[in-house]
Structures are given as C-alpha cells and as structure tokens.
Amino acid sequence: MSTHPYCHFLPVRALNRCEQMIQRYSRELNSDCTAVGKAVEDCMKAVIGVLLNLTHDNEWGSTKTGEQEDLIMTALNCVLKVPQLFPQERRFDIRVLGLGLLINLVEYSARNKYCLMETEMEGGQGPFNSTVLLSPQHPDLSSSGPLSAIAALVQLFLQREQAAILAEAQTDDLIKEAPKPALDQSGEWQETGGEIQWVAKDNNNDSGKDDGKKKEKEEEDEELDLNKALQHAGKHMEDSIVASYTALLLGCLCQGSPMNVTTVRENLPKGDFSIMTEMLKKFLNFMNLTCDIGTAGQKSVSRIIDYLEHC
C-alpha cells in the first residue's frame, strides 16, 4: 500500500519553514529569542525524525520525498549551515539528523544522488566556521567562493576526522598523567643509637589546617582532570560519529557510480579512500558492540566499506 503524497509534502514544507525561522529566531545570534528559538529547534528535529521514518530503507519513499522542492538543499543546510545557528550543545543532534536524512535520500535513489552531486554551496555556508579548520595544504576546499556539496562534505569529514584524532590524543594524555603521590611529611628518618628509625613530628593546629587545605585542593584538581577527560572523550565520540556518517553518505553517493567515485576521489587528499574506510571500520566495530549483529545499518556500512575498498 503506497503512502499518501501529503505524507511527504507536508513534513518537507514544515522543514523548509523551520529553516527560514531559525535564521530569524536563532538563540545563538539573539538572546531575546530563547523560547521561540528552542521551539523552532525542537520542531526541526521532530520533522526530520518524521522524514527519516518515511525514507528509511524505502526506495519509493526516498525518491518521492527527495522530489519535493528544495528538500535536498534544506537537508544539506541542516548539516553544514543550520548547526551554526543552534546553541553549541545542540549542534551535534541536528547535524547527525541531517546526515541521516541525506543518507536515506541517496542510498537507493539515483535521482537524489544526482541532485546532491549537482548542488553547490555559497562560500561561508559550509563547515568553514567550525572550531577545527583545514590545514593549509587544502586551500581549494577553504575558499570563500561557491563550493560543490561534495567538496563541502569532504571538508566536513576531514575536519571531524582530524578533530576526533586530536580529542582522542588529549584524552589519552589526561588518563596517562597519573597523580603524583604526596610526600609523607608526618615525620622523618633519624639515626638513634646506631639504628635508623622513623620519628613522627609533633603536629600543631596550623599544620593540620594546611594538610586539610592541601588535601581539598588535590581532590579539586583530580575532579577537574576527570571532567576534562570526560569532555574530551565526549567530543571525540561526537566528532567520530559525524565523520562516520559523512563518510557513509559519501560512500552511498559513490556506490554504483564510477563518475561519482571520481568526483569524490578528486576532493580527498591524495585521492585515497582509505581514510574513509578506516573511519567506517571503527564505526562498524562500535555498532557491533552496541547493537544486535546483522542490523540493516551494519549491513549498509559493511557494504560501503567493501565497495570503497575495491572501487
């Protein structure tokens, strides 16, 4: 039984409207728009959730949904532009939802693949303002002029892949920095009658207070180090997931299209897909640990890895 066309038309119109409104009521840009801005953010996430259900593992649904006016561009903006209008703590969610929608739209639809491949972004709409910038050896991807959607997505992947590596290294450094044991200053070794003995010092109230303050400071420092480690671990997880979803999207675009393979390869450093397949393998391992074996998502990731390794 086919889905009524309005099931695809209405959510797309709602998403387009939300994208327009978030530019006006962004909480990140206007502190007076707190209530309205949050409502628009929540509405965008809910609408994308509906579209994800309509397009999941459904060639007809993804094709019909992708045919709706401006949807491909709006979904791409949810990945590259809209997150900058969200508060920092909510950017990850909207970006991953946008990536998931694009993956659903292009995985089984040749028409949607073509539309996304032909889309261009204006300079400044991509991930150019992210905290992690591309290194100077990729000046072609960091220009301010029009940029193809593929170049912008490759840039996003490279940024987040490098950010994940950096966050992982910082987390490892914090974990390796074991706290130094405090020297025992409660006494001293003394030689008495030809023997060496430990002689306790007489503790007065002042030294007791000093010891208490020192212990309290050490506990605060340990808590601060733990919080830093957790923050870096959380950032590593978010960057890894965004990079993995972006690699999966690029892989879906490549699958079955030698022309798209060439286009994506031209935008990768040295034209090498291995940087993408390595990230996808880590993502697949994570999925195997957290999901039942053999899910549709795992099969899709495995299929893309195999295709990229042999194309």
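Modeller: Start with the whole chain. Buried residues make up 41% of the 311 residues in the protein. The model is predicted. Its secondary structure comes to eleven helices and four strands. The protein exposes about 17,700 Å², and carbon and sulfur atoms supply 52% of that area. Take the contacts between residues at least 6 apart in sequence: 72% of them join residues at least 24 apart.

The average pLDDT is 82, and 73% of the residues score at least 70. Confidence is highest in helix α5 (residues 91–107), at a mean of 97. It is lowest in strand β3 (residues 187–192), at a mean of 70. Residues 128–142 need care, with pLDDT under 50 throughout. The model still has 26 contacts for that stretch beyond four places in sequence. Where pLDDT is low, the predicted coordinates should not be read in detail.

Now the charged pairs. Side chains of opposite charge can pair when their charged atoms come close. A search of the whole structure finds twelve salt bridges. I will take three of them.

D42 has a relative accessible area of 30%, so it falls between the 20% and 50% limits and is partly exposed. The pair also belongs to something wider. R27, K38, E41, D42 and R90 are linked in a network of salt bridges.

The second pair is D93 with K45. Here the closest N and O atoms are 3.6 Å apart. D93 lies in helix α5 and K45 in helix α2, so this bridge ties together parts 48 residues apart in sequence. Both partners are partly exposed: D93 has a relative accessibility of 32%, and K45 has 22%.

K281 is in helix α10 (residues 274–290) and E309 in helix α11 (residues 296–310), 28 residues apart. Again, this pair links distant parts of the chain. K281 is partly exposed at 31% relative accessibility. E309 is partly exposed too, at 40%.

A few spots beyond the charged pairs deserve a look. Go to helix α3 (residues 59–66), which holds T65. T65 is buried, with a relative accessible area of 0%. What lies by its side chain? A polar atom of that side chain is 2.7 Å from the backbone oxygen of G61.

Then check the backbone. Most residues other than glycine have a negative phi. D57 has a positive phi of about 50°, although it is not a glycine. D57 is found in the loop between α2 and α3. It is partly exposed, at 49% relative accessibility; the limit for exposed is over 50%, so D57 stays in the middle class. K270 also has a positive phi, about 60°, and it is not a glycine either. K270 is in the loop between α9 (258–267) and α10. With a relative accessible area of 87%, K270 is exposed, because that value is over 50%.

Last, helix α6 (residues 110–118). Its buried residues are N112, K113, L116 and M117. Seen down the axis of α6, they fall within an arc of 135°, so they line one face of the helix. An α-helix has 3.6 residues a turn, so residues three or four places apart point the same way. The face of α6 turned away from the buried side carries the exposed residues A110, Y114 and E118.

Notes. Residues are numbered from 1 along each chain as its sequence is written. This is a predicted model: local features need pLDDT of at least 70, side-chain atom pairs count only at pLDDT 80 or more; totals for chains, interfaces and linings use all residues. Side-chain values use heavy atoms; hydrogens and water are left out. Helices (H or I, at least four residues) and strands (E, at least two) are DSSP runs, numbered from the N terminus. Buried means under 20% relative accessible area, exposed over 50%, partly exposed in between (1.4 Å probe, protein chains only). A polar contact is a pair of N or O atoms within 3.5 Å; within protein, one must be able to donate a hydrogen and the other to accept it, and residues adjacent in sequence count only if both atoms are side-chain atoms. pLDDT is the predictor's confidence in each residue, from 0 to 100. Contact means heavy atoms within 4.5 Å. A salt bridge is a side-chain nitrogen of Lys or Arg within 4 Å of a carboxyl oxygen of Asp or Glu. Accessible areas come from the Shrake-Rupley method with a 1.4 Å probe; for residues, only the protein chains shown count as cover. The arc is that of the directions from the helix axis to the C-beta atoms.
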